[in-house]
Amino acid sequence: MKGAEILIDALKREGVDTIFGYPGGAVIPIFDALYSTKGIRFLLTRHEQGATHAADGYARSTGKVGVCMVTSGPGATNTITGIATAKMDSSPIVVISGQVPTSNIGTDAFQETDMVGLTRPICKHNYLVKDVAGLPGVIKEAFYIARSGRPGPVSIDIPSDVVNSKVKEYVYPDNILLPGYKPVVKGNAGQIKKLAAAISQSKKPLLYIGGGIIASGATPELLDFLEKTQIPVVATLMGLGAVPFDHPNFLGMLGMHGLVAANKAVTECDLLIAIGARFDDRVTGPRDTFASNATIAHIDIDPAEIGKNVKTQIPVVGDAKNVLKSLLEKVKSRERSFWNERTDYWKAKYPLRFAESDEDAISPQYVLEEINKVIDPNAILVTDVGQNQMWAALHCHHRQPRKFLTSGGLGTMGFGLPAAMGAAIANPGIQVVCIVGDGGIQMNIQELATCSINRIPVKIVVLNNAYLGMVRQWQELFWKKRYSRVCLMQGPDCPEECQGPRDDCPKIYIPDLVKVAEANGMRGFRANTQAEVPNTLRKGLAEEGPVLMEFSIKREENVFPMVSAGKPLTDIIIGEK
Amino acid sequence: MLEKHTLIITVLNSSGVLARISGLLSQRGYNIESVIGAPTENPNIYKISLVVSGTEEHIEQITKQLNKLIDTIRVTDISHKDNYIVREYIILKLEVKEKNRSDFFNLARVFKANLIDVAMDHVILELAGSPRKIDRFIEMVHSYGIQEYIRSGEFAMAEYQTPKKGDNKNGD
Ligand SMILES: Cc1cc2nc3c(=O)[nH]c(=O)nc-3n(C[C@H](O)[C@H](O)[C@H](O)COP(=O)(O)OP(=O)(O)OC[C@H]3O[C@@H](n4cnc5c(N)ncnc54)[C@H](O)[C@@H]3O)c2cc1C
Ligand SMILES: Cc1ncc(C[n+]2csc(CCOP(=O)(O)OP(=O)(O)O)c2C)c(N)n1
């Protein structure tokens, strides 16, 4: 059996049904083996970055390992952003890249790059397969490592002679021998008891939940825990959907763009129980000001996260679901108290607000609230990065885990469209809506063709402010409105030191996104006024195939609430009106 | 407070494992003072001795991150443990003038340093011992004029095992 055939067989045994990728010289033998393979779908993207994000979208929406396959050299380097994105958000993907023949490694051969060296700091683990005998074991390990413990990307670099060489006998290993890798699932009983006691003693306990709840599938246990303890709960961007948005105890997202109630609760609580959240600086602000009145308990599967950013008094290493189950047995029930009344009061007093629009320009928040009305309750919502992402996080209704996919840790513009594509392939029959800015859509716009040709029914909502909006917002608020290189319409006839939209701004946005959609074989719709929004959405979502809906939004709309960078969570700018 | 720590890292003898470790440290902004790695009695296992400076929190974080590497089997911080034999090796080249040679040879004898080469204008010798002993020797021979030396960096072995919390890879 040839190395290439072994590889395909091994992938099947790992349950792989889809590969996202792009061919090239070093992987022709593998692609040849795929040519007549049944049971694995290969999605040819238009760029390897698209393939990596698509594999990531597949993984985030299902919890299964997403697979990406590319050639050596430029194919491999094009996956770097995708791998780093998956690493930062703990998403399980396996990236298989071709490599020059082993005899040529180290000679600066044609299309040679040191993939193991390049990916070392941005993946969970990586391999260079040096001989075909080791290939099955590597595949087995790679998938296990990617999906277990704290999930993450694994890169496998395979020289072309390895996939070309033959072995007489091939056995797929049953067991894995990784003496240095044994993720702890069960929490330490003593620590759990200590946490249960701390909860009984606390007057103002708060749960701070993150992506780990979703990775662990701990939503049912979490809901039982909330039922029993009535503790108010806040979520990170990555934790949205872990608790339904309308749960009575849910105070919303915390952090830089978090809700006032959530940030106030963190500041005032006397016991903060972090579960599968990693105290990111977008969440904490200056660390010594974060939850400074609280005892901190931290449940996380990765011991290195505990104590990394803030001092922790009650550390529990383990899987969120498992630990919550044990904690649920130990914890005493708790009645709603003055503390719940207080958090409810904040919630009522500081709802999300935005200025209703004048006739012409559309409020982006309005678009999202209209989407809430017409979107399928089971839909998967994927965002890009920037203002569009924050508006979607704040204004959309997150009902279930694995239904809100966003690049949080790396904040990768260009993630949205390909990730939505991957999610749609992984979840046939489920509506997938992609919210994206006019900057971000252009970063992987080549994937429109992939969607059309393969009839991947992604519903794309472009919030077009003709600005790199999030950067412009910072320039407006903190850099004296010096709008330096953030206007996507700025041309040679514009003043160099422009400070915002003027009467003599160019009238046409380039490219015409509706035409781009049409040129790529999908329908495109545009709404220029608020009145056109509901209808445009209805028409777009009713399309059977992929569709692009462009909304010309107020150019200088900002995301609020906002805590200025470097300021504590108490320093909230609530916004206009 | 910045303090020097010696970490013993037991890893699988896989390709690129040293690069993983040194890459990890530089990626996270820690400076390695010395690193030395070699195979052990078990051909699958490789031991690395690493000296880094950092605060208590830094070292804890380094230890956890090192443990997180898939190939790492165990990380032990031996800095404040007395059950470890820690050794270092040094080769020195010194300018030793005719007139103070006998003094110098006496000193070398006291330290049990081994002469490798004696020439008209220089002496080369080697010495193995605890890092403290090596430091002290360098201090003592300084006045003779050191031309060059090379130290191995520290390596260590447990005299007896005291299983302790925190040695365990996944311990909390
Ligand atoms: C423009 C922009 C603005 C942003 N603003 C905000 C903001 O206002 N608020 C905000 O919250 N974020 C914001 N973010 C996102 C932020 O950068 C981080 O990505 C996010 O806060 C991290 O979420 P998390 O703590 O849930 O960690 P994740 O990155 O989701 O990490 C998951 C954690 O859970 C652990 N884990 C994994 N599996 C398990 C398991 N089975 N059991 C237990 N633990 C497990 C992991 O070890 C890890 O510690 C913003 C991002 C961008 C791009
Ligand atoms: C690949 C990449 N480049 C640059 C950035 C920095 N950045 C963050 S948000 C943003 C603006 C995004 O603009 P747009 O896509 O139009 O979305 P908006 O913020 O207007 O909704 C930029 C440039 C980034 N996050 N990712």
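Q: How many residues of chain B are in contact with chain A?
A: In this predicted model, 19 residues of chain B are in contact with 22 residues of chain A, contact being heavy atoms within 4.5 Å. Residues are numbered from 1 along each chain as its sequence is written, and chains are lettered from A in the order in which they are written. Local features need pLDDT of at least 70, side-chain atom pairs count only at pLDDT 80 or more, totals for chains, interfaces and linings use all residues, and side-chain values use heavy atoms, with hydrogens and water left out.

Q: Why is the pair Asp302(A) and Lys68(B) called a salt bridge?
A: The term requires a side-chain nitrogen of Lys or Arg within 4 Å of a carboxyl oxygen of Asp or Glu. The N to O distance between Asp302(A) and Lys68(B) is 2.6 Å, so the pair qualifies. Across the interface of chain B and chain A, the rule finds 1 salt bridge.

Q: What makes up the area buried between chain B and chain A?
A: Buried area is the accessible area (1.4 Å probe) that two parts lose on being put together, summed over both. For chain B and chain A this area is about 1800 Å², and carbon and sulfur atoms give 52% of it.

Q: Which residues lie nearest the centre of the second largest pocket?
A: They are Tyr127(A), Asn13(B), Ser14(B), Ser15(B) and Asp71(B), from a lining of 24 residues. A pocket is an open set of points on a 1 Å grid over the protein atoms alone, where a 1.4 Å probe fits, with protein on both sides within 12 Å along at least five of seven lines; lining residues have an atom within 4 Å of a point.
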